[in-house]
Amino acid sequence: MDRTSQNFSFDLELQDSNTGANALGLMKAKAGYLRKDATQVFLIMSNESEPKHTEVDQVKSRPWRLEDVLATVAIALMCLITFANVVLRYVSDVSIGWSEEVSVFLMLLLVFAGAAAAAFHDQHIRVEFLYDSKNTQIRRRLRMLSVWLTTLVLTAVALLLIKTAIGEYAYQEKVSSLDVPRWWLTLPLALLCGLGAWRAAWGGWLRRGID
Amino acid sequence: MMAGLVLFGLFILCMALGVPVAVALATAGMATLMLTNAGQPWFGLLPAAQNAVASISSYPLMALPMFVLVGAIFDRSGIARRLVDFAIACVGRGPGMLPLVAIAVAMVLGGISGSAVANAAAVGGVMIAAMSRAGYPPPFSASIVGAAAATDILIPPSIAFVVYSVSVPNASVPALFAAGMIPGLLAGLALIIPAVLISRIKGFGLEESSMPRPPFWPSLREAIWGLVAPVVILGGMRMGWFTPTEAAVVAVFYGLFVGMFIHRTMTFRQLPEIFREAALSSAVIMTVMSLASIFALSVNTIGLADPLIEGIKNFGLSSFETLCIVMLLLLLVGMILDGVSIFLVFLPLLVPMMKAFGWDPVWFGVLLTMAIAIGGFTPPMAVNLLVACRMAGISMESTIPWVGWLVLAFSVATFSVMVVPELALWLPRILKY
């Protein structure tokens, strides 16, 4: 795993003594439906007893990659901007004119960056009936198929968005409310989509021998 | 017709093979578009990518990640445990009381969080251990928690309603929120009946009677922060203080304040992890929304809805019979597919059908949400129940003897909303949404 990303890693010792969930020693980070959001909800509450399959499977102290940082910063900024807007409106009757547009763009960043992170960890929602088959051969092939198709789709969307951005640049389209060139908004999304394609392939490669 | 077969055939094949739902939707949609637009530059796929961005560029949709974040924060704010103590202080101890408390607390939390999974995690974290100490079998407790959490997406705020509202423009989020209230309470009450009856008949929780009952006033004082939250969120929206999105953000700050300074169950160092978790969970849901728009684009491009509706009308089914079939179909699909995906796959077909039969969009949204709420705790693919089973350390199969009764109760509540649309439509009309 990349060493550089370790610099980002926050040393988190999270537990929730209140819910008592950690006492149950739950949550093996098994591949699955649950992992998509549920384990994230309380993997954090679980304690050290987690078997370490591979670095990709650890959610608890998983390193902060570019896409994690982007998605987290985006959601935090969305909160701050919206809250500031509510407070300002009641205190001074002014509201931040650009808050909606910027929030929507931050949400797009959140989705595209988060999609890349989920692709890397194979956490997108799926029907697992066959995917978790007992037969190792079938399971391996299906995982391969998932990785390939995810990479393919994300690459296609990335290319189409780049093409869109080029068109927007050529026609000098502007976002009316923000007065910025539209391709400024489209291009980052295209690049994040490309990053997602790369992460899907790389995550699949890291998980290749694991059953 | 050929293109329609490719579209749905490819989608079902991909889904069966375990390809992520979002990718399956995009693969099927893009392949169909390429077939139908073969002559055009870039196979006519450019609108597909633009749709994928445009479909999630909506300000009201921002309520979704915000309410996911609210769920993640309230999960750790220590509010659930205090609500449980207070509820026990109210209803007392005895067989069947803890299941009742679990359902009631899930409903109050439903007034704060918009996601059933977060609800199951918060309630399950407290109730499953408490119920097994009192002598309830873990499969029974897990079934109760999983089913009770399903009321969350009916009781406002609700992520499901936000998604529905984005796809169905003439059903506004506030109207849907108001419409979900009574059906949500009804479903919760319907769950209490089998929960209490089964406990009484089977003699579960006999040890409970000898357990201490928390004192009323001190537990009220502890629980007050949690009890006030739904009032602030729902009342604030009702009074026009803030939009649903802003209500979610206010709830985020309220939850952080209570968790960090009042109950002291969270620290600043945990915040990055909590925010990342919420960001990734909502990104996963919204990726499906984004790529589903490619699927919807090809459904519209090949004009699939009209012949289908024509066919149903020629078949001579009445409006109510069609609705029954739609609901049964969604219940079946809900057993294997998660709620948001169901909305996104079927709404391109269901919305024209709704218009053709003149169904009220708000009422229809409530019915669909009730169907997917049931899917949330019907094995084999049941997210809420899965969370509860993980916490109880049991397999999902072991819950089957109990969960069936709860599915039945929830279905009865759903059927009454089908027969009496006023149950959903009365409140939004009174509130003038």
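**Salt bridges and the interface of chains A and B**

In the predicted model, B:Arg276 and A:Asp68 form a salt bridge in which the closest N and O atoms are 3.2 Å apart. Across the interface of chain B and chain A, 2 salt bridges are found, and 8 residue pairs are in polar contact, both residues having pLDDT 80 or more. Helix H13 of chain B, residues 271–301, provides 16 residues of the side of chain B that touches chain A, the largest share. By class, that side of chain B has 48 nonpolar, 13 polar and 11 charged residues.

The contact draws on 72 residues of chain B and 77 residues of chain A. Together the two chains bury about 6900 Å², of which 73% is on carbon and sulfur atoms. B:Arg276, B:Leu280 and B:Arg390 account for 10% of the area that chain B buries against chain A, more than any other three residues.

Over all chains, the whole structure contains 14 salt bridges. Within chain B, B:Arg82 forms a salt bridge with B:Glu222, with the closest N and O atoms 3.0 Å apart. B:Arg82 lies in helix H5 (residues 79–91) and B:Glu222 in helix H11 (residues 216–238) of chain B, so this pair ties together parts that are 140 residues apart in sequence. B:Arg82 is buried, at 9% relative accessible area, whereas B:Glu222 is partly exposed, at 35%. A:Asp68, B:Glu273 and B:Arg276 are joined into one network by salt bridges that share partners.

In chain A, the side chains of A:Glu173 and A:Arg182 meet in a salt bridge with an N to O distance of 3.8 Å. A:Glu173 is partly exposed, with a relative accessible area of 35%, and A:Arg182 is also partly exposed, at 32%. A salt bridge at 3.8 Å, N to O, likewise links the side chains of A:Asp179 and A:Lys174. A:Asp179 counts as exposed, at 53% relative accessibility, while A:Lys174 is partly exposed, at 48%.

A:Glu168, in helix H4 (residues 136–170) of chain A, is buried but has no salt bridge. The nearest side chain of opposite charge is that of A:Arg182, 4.6 Å away; this pair is not counted as a salt bridge because the cut-off is 4 Å. A polar atom of the A:Glu168 side chain lies 3.5 Å from the backbone nitrogen of A:Trp183. Not counting residues up to four places away in sequence, A:Glu168 touches A:Glu173, A:Arg182, A:Trp183 and A:Thr186. A:Gly167, also in helix H4 of chain A, is partly exposed, with a relative accessible area of 24%.

Conventions. Residues are numbered from 1 along each chain as its sequence is written. Chains are lettered from A and ligands numbered from 1 in the order in which they are written. This is a predicted model: local features need pLDDT of at least 70, side-chain atom pairs count only at pLDDT 80 or more; totals for chains, interfaces and linings use all residues. Side-chain values use heavy atoms; hydrogens and water are left out. Contact means heavy atoms within 4.5 Å. Buried area is the accessible area (1.4 Å probe) that two parts lose on being put together, summed over both. A polar contact is a pair of N or O atoms within 3.5 Å; within protein, one must be able to donate a hydrogen and the other to accept it, and residues adjacent in sequence count only if both atoms are side-chain atoms. Helices (H or I, at least four residues) and strands (E, at least two) are DSSP runs, numbered from the N terminus. Ala, Val, Leu, Ile, Met, Phe, Trp, Tyr, Cys and Pro count as nonpolar, Asp, Glu, Lys and Arg as charged, and the others, Gly among them, as polar. Buried means under 20% relative accessible area, exposed over 50%, partly exposed in between (1.4 Å probe, protein chains only). Lys and Arg count as positive and Asp and Glu as negative; His and the chain ends are not counted.
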